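Morning, everyone. I will take a few minutes to go through how the parts of this model pack together. Please look at the structure first.

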2 protein chains.
Amino acid sequence: MSATFVEKVCVIGAGSTKYGKLDDSISDISIQASVDAIGSAGIEPKEIKAGYISNVFGIADKQVHLGPVVMSNLGISERPSLTIESACGSGSISFREAYANVAAGFYDVVLVTGVEKVTHTGTDWTTTYFSYCSDFFYEGQSGASFPGLFASMARAYLTEFKATEEDFAMVAVKNHENGLLNPKAHLRKKISVDDVMNSAVVASPLKLYDCCPFSDGASSVIICSEKFAKDHGKDYIEVIGSGRGGSPAALQGREHLTTIPSTKIAAEAAYKMAGITPKDVDFAEVHDCFTIAEVIDTEDLGFFEKGKGVEAVREGQTKLNGSISINPSGGLKSKGHPIGATGVGQIVEVFDQLTGKAGERTVNDAKIGLTHNFGATGASCAVHLFKSV
Amino acid sequence: MSATFVEKVCVIGAGSTKYGKLDDSISDISIQASVDAIGSAGIEPKEIKAGYISNVFGIADKQVHLGPVVMSNLGISERPSLTIESACGSGSISFREAYANVAAGFYDVVLVTGVEKVTHTGTDWTTTYFSYCSDFFYEGQSGASFPGLFASMARAYLTEFKATEEDFAMVAVKNHENGLLNPKAHLRKKISVDDVMNSAVVASPLKLYDCCPFSDGASSVIICSEKFAKDHGKDYIEVIGSGRGGSPAALQGREHLTTIPSTKIAAEAAYKMAGITPKDVDFAEVHDCFTIAEVIDTEDLGFFEKGKGVEAVREGQTKLNGSISINPSGGLKSKGHPIGATGVGQIVEVFDQLTGKAGERTVNDAKIGLTHNFGATGASCAVHLFKSV
């Protein structure tokens, strides 16, 4: 069974707050990003027919039910809204729902805003509450928080393939290089492989600099039917592929620790819909919550053979304007990871790249960009493909 | 712009845990309701293409990112899932998203499961955290929790219209009468107007028995394309209308306190889609978080003129097998209000009513049922219409 795609779907605007430790409230940063995207799209708020918010821990800043708050502050309180949560994959999955509704013709213009505001709670709170995104019965309550779970994956990778901890470190180094060129990135700091190797061990073999930070931030995009974009003379990029998939919630249910099933399922669906192969992708924003994740992602997405992702990193293939630029924004590692916002922020980056707004970090001659964003250890995942027009 | 409705959408199965204080975990009760619905539909889990969970406070039982946990436990971890939150309206809004995806042909069979597990946290926790569903900047942080906000609406109603506190009390009495006939209801206890009037004042003019309880519970439905239902010889009910709407998030943004704009917008859209009027509706499950809410709902839904809802209650028009049966299940007031589950639970009741499974609380000769479910003070809302076939 395949959807009807009555409407081709486009992105006509994108906006974002800085990622990092922010002082404003979760409502305020949601509105700031939304207003930024609305301005970027050059539309009036009243043209927006629905609002899709993505957020996980609104409780941390005492505001859940964010949709009506955002819509009311935009002066369009009568419009429907909702919040979508799928752990760290919330943003892309919210985008997917908005996409489906526009593709089916339910709405012609939709606001998609992702947000998280947690840094004020402190590391104990975030580590504890984030662990509720794992399969808590099997993982969280046994003390397995995400650094530990990804460390298991990293250890398995080191065992199965010709890889070293230095290879993982090079992912962090690259992403920090890119993030340095991104004015909105959280960690704008050049680092070396030695810096990573000498940073505190969080969960062996992962060191502090293998891990993305906890960030606050909000990102927003405006999506619409191609008809709306054309009728209103908008600059736009087209959504050419959208895929979703799932994995066993707990790592213990997986056959292999060095691949994430949901990524493969989602990517296959997205490539098929777009009628392209991984070779056609010019750059990708992938879910690098830990350095090992980026390596596994680039293999599962079909950019490199299984076990060869580290070689590609070593050879610089994934650097900005390498054979395929991975995480030109700086990724979760350097740009930051405000979990509900992350997946939307990836699409903001793709929009900026494909519409000539990426400044110093521009991927040359890019026509097709991919976003890959998952929840927890990849229990939920969405992959999207975008094309410049 | 209207959607394409490539597929007519049906409900082929429904299941629910008991509502009340439950001992099992949030994951367990989610799975229990899901398995119940799958059994009711007579399908195999693998026939389900996606899972839509609705939940607000998974953190209370240390499990957010519930979708993959449910799907994994059903043996279909590869399927996409997500969680939708829109405060107390989460369930119906999750159903709406699933509906949109099936209507557009993205999936042919979808599981919709709503859940909440909060009673173990105690009243202080629930009252505090539930207030985060209001517009916290204007309401929650000023100490305005939901009983206080609905008390403002009740006071306004008493001032504007010919109504008494006893009229509101009769709503509670009626819903308890219905709930007594519902084996899964939380508060199965016959009460009198005097009981309500003599119960503790929570926020004047609302007394304890004007308020629905905090409940645990999970409810689940299986929705599918009409084609799937027919091809597989299923008993089903048809979704004939679906509407969404919004209201200013904070009460201070509303022109009137005795009407909820989102209800009117959502209902108008649903009636229009179905091509029917309020007179065609045989029974309705409406959002009676407080007795005043049911009165306002029945007016906003067009069953009675503004200000006349109390007259209808006085005359017994809304009783089981009155001129229009309101909340035959017992409603939030007696059946209970496990907030993420509530909107789905309403649809379970409609399914049971229209397929002859409602036992002693059967609405005679019912052909068309309506569900109305909102978040907070009605900042978000969804209305659905169902028809027996």
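How are helix 3 of chain A and helix 13 of chain A oriented to each other? Before the answer, the conventions. This is a predicted model, so to speak of local features pLDDT of at least 70 is needed, side-chain atom pairs count only at pLDDT 80 or more, and totals for chains, interfaces and linings use all residues. Residues are numbered from 1 along each chain as its sequence is written, while chains are lettered from A and ligands numbered from 1 in the order in which they are written.

Now the answer. Helix 3 of chain A and helix 13 of chain A, residues 339–354, have axes that come within 5 Å and cross at roughly 60 degrees. They are therefore oblique to each other. Angles under 35 degrees count as roughly parallel, over 145 as roughly antiparallel, 65 to 115 as roughly perpendicular and the rest as oblique. Axes are lines fitted to C-alpha atoms, for helices over the stretch in contact, with angles from 0 to 180 degrees between N-to-C directions. Helices (H or I, at least four residues) and strands (E, at least two) are DSSP runs, numbered from the N terminus.

From helix 3 of chain A the contact residues include S90(A), G91(A) and F95(A), and from helix 13 of chain A they include I339(A), G343(A) and I347(A). Contact is counted when C-beta atoms, placed from the backbone, lie within 7 Å. Ala, Val, Leu, Ile, Met, Phe, Trp, Tyr, Cys and Pro count as nonpolar, Asp, Glu, Lys and Arg as charged, and the others, Gly among them, as polar.

Next, the domains. Chain A is divided into domain 1 (9–121 + 215–237) and domain 2 (143–213 + 240–388), with bounds from an automatic or database domain assignment. Their C-alpha centres lie 23 Å apart. In the contact, 35 residues of domain 1 of chain A meet 37 residues of domain 2 of chain A. On the domain 1 side, helix 3 of chain A supplies the largest share, seven residues. That side of domain 1 of chain A divides into 14 nonpolar, 16 polar and five charged residues.

Over to chain B. Helix 5 of chain B (residues 146–160) and helix 10 of chain B (residues 291–300) have axes that come within 9 Å and cross at roughly 60 degrees, and are therefore oblique to each other. F150(B), M153(B), A154(B) and Y157(B) in helix 5 of chain B meet I292(B), A293(B), V295(B) and I296(B) in helix 10 of chain B. The residues of this contact are eight nonpolar, no polar and no charged.

Helix 10 of chain B also packs with helix 6 of chain B (residues 165–179), at about 95 degrees with the axes 8 Å apart. That makes the two roughly perpendicular.

Last, the two chains. Chain A is superposed on chain B by a rotation of 180 degrees with 0.0 Å of shift along its axis, RMSD 0.0 Å. The copies are thus related as by a two-fold rotation axis. Superposition is by least squares on the C-alpha atoms of residues with pLDDT of at least 70 in both. I84(A) comes closest to the axis among the residues of chain A, at 2.3 Å (C-alpha). Between the chains, 59 residues of chain A are in contact with 59 residues of chain B. The chain A side has 30 nonpolar, 21 polar and eight charged residues.

Technical notes
Two residues are in contact if their C-beta atoms, placed from the backbone, lie within 7 Å.
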